[in-house]
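Here are some exercises to work through with the model open beside you. Try each task before reading its solution.

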Amino acid sequence: SDLGLLHLHLGDGERGLALVRRALEETELPPRTFHPTHCNRNMRLWREAMAIGGRGVPVDVTAFEDEETAADGIAEWVRAGLPAERLTLSSDAGGCMPDFDAEGVLKGMGVGTPRTLLQAVSGAVARGVDPGLALATCTSNVASLFRLRGKGRVGEGADGDVLVVDERWSVVHLLAGGCWMVRDREVLRRGLFEEGVGLAAAGVGG
C-alpha cells in the first residue's frame, strides 16, 4: 500500500527484534517501514527497541494494565535523546485480555480499557517528561506515522476531537467526531466495549 508500514505486535520470543535488524541490514526498506509494538514487554526487548529507535525505526510502548513500564519507557526514550516524534504509545483497549492459570489453562476473558493511556502519559510527566512530548506519543506522533490527515492536532481543517483533563489527568470533557462523549465529567456515550469497563475507570468523575 502507499502507507508502507509494517505493524509488528511483539511477544516474548527469544528472537526479539532480530528479524527487523536483519531487514534493516539486508534490504533497502527504510527504517520507517517497521513499527514494532509492545516493546516494553520485557527489559531485553526494550533495550533492543531503543537501539533500533536510534536508527530511525518508530517504536511503540504499550500501556499495560497495572504496570508503569510505558511511563518508564517514555521517560527513558526522552532522556536518551532519541527522536521524540518516533515514539508512540498504544493500549490494548477493546482487545481481548485472557487470564490463564499457572498451567496455562484459560480461566476467563477480560477486555482492555482506555484508561491506561492517560495513566502512562501522566506517569511520564511525573518522571519529568514535558507534557507536550508525553501527549504527542498518542496523538500527533501516531497521526504522523499512520499518515492520518486531520488527526493528532488542533487546528483549522483538523477533526474536532478534543480531550480536556484536570491537573490530576482525570477526564473533564471529551469531544469526538463532533459529539460530546464526556461533558463536565459525565459520560454521555459509551462504546461497545465500555459498558462493562466504564470510562469512569479512566478518571471521569475522579
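**Exercise 1.** In what order do the four strands form an open sheet, and is the pairing parallel or antiparallel?

*Solution.* A word on the source: this is a predicted model, where local features need pLDDT of at least 70, side-chain atom pairs count only at pLDDT 80 or more, and totals for chains, interfaces and linings use all residues. Residues are numbered from 1 along each chain as its sequence is written, and side-chain values use heavy atoms, leaving out hydrogens and water.

Step 1: the order is 7-8-9-10, with antiparallel pairing. Strands are DSSP runs of E, at least two residues, numbered from the N terminus; two of them pair if DSSP finds at least two bridges between them.

Step 2: strand 7 (162-165) and strand 10 (186-187) each have a single partner strand, so one side of each lacks a neighbour in the sheet.

Step 3: strand 10 is joined to strand 9 (residues 179-183) by two bridges, and Arg-183 has Glu-186 as its bridge partner.

**Exercise 2.** Find the residues with the most contacts inside the largest nonpolar core.

*Solution.* Step 1: such a core is a set of buried (under 20% relative accessible area, 1.4 Å probe, protein chains only) Ala, Val, Leu, Ile, Met, Phe, Trp, Tyr and Cys residues joined through side-chain atoms within 4.5 Å.

Step 2: the largest one has 33 residues, and Trp-46, Val-59 and Leu-89 have the most contacts inside it. Helix 2 gives the most, with five residues.

Step 3: beyond four places in sequence, Leu-89 is in contact (heavy atoms within 4.5 Å) with residues including Ile-74, Leu-117 and Cys-138.

Note on methods: Buried < 20%, exposed > 50% of the residue type's maximum accessible area, 1.4 Å probe, protein only.
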